[in-house]
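Hi,

Here is the structure I promised to pass on.

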Amino acid sequence: MSAPIVIHRPSPTGGRRVTIRGQIAGLAHDDQDVVEFLRRAGLPDAERLLDQPEWVEWRGGRAHTYAAA
């Protein structure tokens, strides 16, 4: 089973699309954006989840990097 949170590859204009259980949460430009999306989805300790592969899958780029592709 894949991780419920996916942080997709950086876009050509910067930022990364974030999906939670297959639903688009938004476009993140930094880790704080991701944490806010996860908080809104009911995960209050979200900052601790970002480096846990069972929760978060980073696709198409280095983790925590949001610059334009």
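Which residues have the most contacts inside the largest nonpolar core? They are Ile5, Ile7, Val18, Ala28, Val34 and Leu38, in a core of 16 residues. (A nonpolar core is a set of buried Ala, Val, Leu, Ile, Met, Phe, Trp, Tyr and Cys residues joined through side-chain atoms within 4.5 Å; buried means under 20% relative accessible area, exposed over 50%, and partly exposed in between, with a 1.4 Å probe and protein chains only.)

At least two residues of this core come from each of strand E1 (5-10), strand E2 (16-20), helix H1 (31-40) and strand E4 (56-58). H1 gives the most, with four residues. (Helices, H or I with at least four residues, and strands, E with at least two, are DSSP runs numbered from the N terminus.)

Before going on: this is a predicted model, where local features need pLDDT of at least 70 and side-chain atom pairs count only at pLDDT 80 or more, while totals for chains, interfaces and linings use all residues. Residues are numbered from 1 along each chain as its sequence is written, and side-chain values use heavy atoms, leaving out hydrogens and water.

Back to Leu38: apart from neighbours within four places in sequence, Leu38 is in contact (heavy atoms within 4.5 Å) with Ile5, Ile20, Leu43, Ala46 and Leu50.

Next, the strands. E2 pairs with strand E3 (residues 23-28) in the antiparallel sense over five bridges; two strands pair if DSSP finds at least two bridges between them. Arginine 16 sits opposite alanine 28 in E3. Their hairpin has two residues between the strands, and arginine 21 there takes a positive phi near 50 degrees.

Lastly, serine 11 lies in the loop between E1 and E2. Serine 11 counts as buried because its relative accessibility is 18%.

Cheers
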